Amino acid sequence: MAVTSRRVARVVPLAPAVVLLALFMLGPVVWSFYGSFTNAALTGPAALNPEWIGFDNYVALVGDPDFPKSLWLTVVFVFLSAVVGQNVMGIALAGLLRSAVKPVRSIASTVVVAAWVLPEIVAAFAAYAFFHSEGTLNTLLAGIGVTGPDWLYSTPMLAVILANIWRGTAFSMMVYSAALAEVPPELTEAAQLDGANGLQRLTWVTLPVIRRSISTNLMLTTLQTLSVFTLIYVMTGGGPGTDSSTLPILAYQEAFKFAQVGYGTAIATVMIVVGGIFSVIYIRALRPEVD
């Protein structure tokens, strides 16, 4: 009885937080899932009285030529800009800044973090101005006699991937800076005495020690990048055509441009599933460390 009373005493103070989380986080997910099985729209009879249509939206997705392309572009965008770009740049910067003198470390950290603390809309317009055909990048190339292409038209995915790496690397850099600070120096010193070079010490000593931080950061950057909308919408609008239309862009266009809210919600539900798959992979990677 005493044990039960103590458990209740611990749970009761958490009840309001649990209710709020369920209401404002789980609630929208459940409602979105339900909406994906309806013909909800912004105009017409379905706007007032949406009807249950079962799996019709998902069947339509299978036959929509834009959907597999958007799904593939989303995977490419997440893998190159988050899994590879932000994490590799983050750990590289964290390692370099640890060995840099304090003035250089302070200046470099400020410059990198500045991109992260900018409002997303401001960062998006800055990236747009940089990659525009008459923007900063082509102006710099013209200064050395090189004529740059129209990056946002000829290579839109490359432009948004690089922009997202620039925008999000600071977070990974801070995570890995904290992780590297926890690596016992005696381990790297012992490896150095055994004749291991810098790459070998990184591969066989440092990375295994910070493995849990890597998995956690991979999960966070992946889920964050999966939902990137403003950056791509401002820079390319999903174009030209659908060449940079990731799932968030496609869902927005279907729901608000073509007024098919139920169909757009089905696309958003697929995004949740994709995010869940990534989360399961990373959680399984963490499990041996936790156990």
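Start with the salt bridges: this predicted model holds 1 of them. To see it, select Asp243 and Lys69 and show their side chains; the closest N and O atoms of this salt bridge are 2.8 Å apart. Now colour the two partners by where they sit. Asp243 is in the loop between helix 14 and helix 15, while Lys69 belongs to helix 5, so the pair ties together parts that are 174 residues apart in sequence. As background, side chains of opposite charge can pair when their charged atoms come close.

Stay in that loop for the next stop. Select Pro240, which sits between helix 14 (230-235) and helix 15 (247-257). What kind of peptide bond joins Gly239 and Pro240? Look along the backbone there and you'll find a cis bond, with omega at about 0°.

Next, move along to Ala259, in the loop between helix 15 and helix 16 (261-290). Check its backbone angles: phi is near 65°, a positive value in a residue other than glycine.

Now for the pocket. Select Arg98, Leu180, Thr188, Leu202 and Thr206: among the 15 residues lining the largest pocket, these lie nearest its centre. How much space is in there? About 360 Å³. Helix 5 supplies the largest share, with 5 residues. If you colour the lining by residue type, expect 7 nonpolar, 6 polar and 2 charged residues.

Zoom out for the last stop and colour by domain. Domain 1 comes in two pieces of sequence, 27-63 and 260-291, and domain 2 covers 71-255.

Then select the residues where the domains meet: 20 from domain 1 are in contact with 19 from domain 2. The size of an interface is often given as the accessible area lost when the parts come together. Here domain 1 and domain 2 bury about 1700 Å² between them, and 74% of that is on carbon and sulfur atoms. How many salt bridges cross the interface of domain 1 and domain 2? The rule finds 0.

Terms used:
Residues numbered from 1 in each chain as written. Predicted model: local features only at pLDDT ≥ 70, side-chain atom pairs only at ≥ 80, totals over all residues. Heavy atoms only, no water. 1 Å grid on protein atoms, 1.4 Å probe; cavity = no way out; pocket = protein on both sides within 12 Å on 5 of 7 lines; lining within 4 Å. Points joined across faces, edges and corners; volume = space filled by probe spheres on them. Helix = DSSP H or I, 4+ residues; strand = E, 2+ residues; numbered from the N terminus. Nonpolar A, V, L, I, M, F, W, Y, C, P; charged D, E, K, R; others polar. Domains from an automatic or database assignment. Contact = heavy atoms within 4.5 Å. Buried area = accessible area lost by both parts, 1.4 Å probe. Salt bridge = Lys/Arg side-chain N within 4 Å of Asp/Glu carboxyl O.
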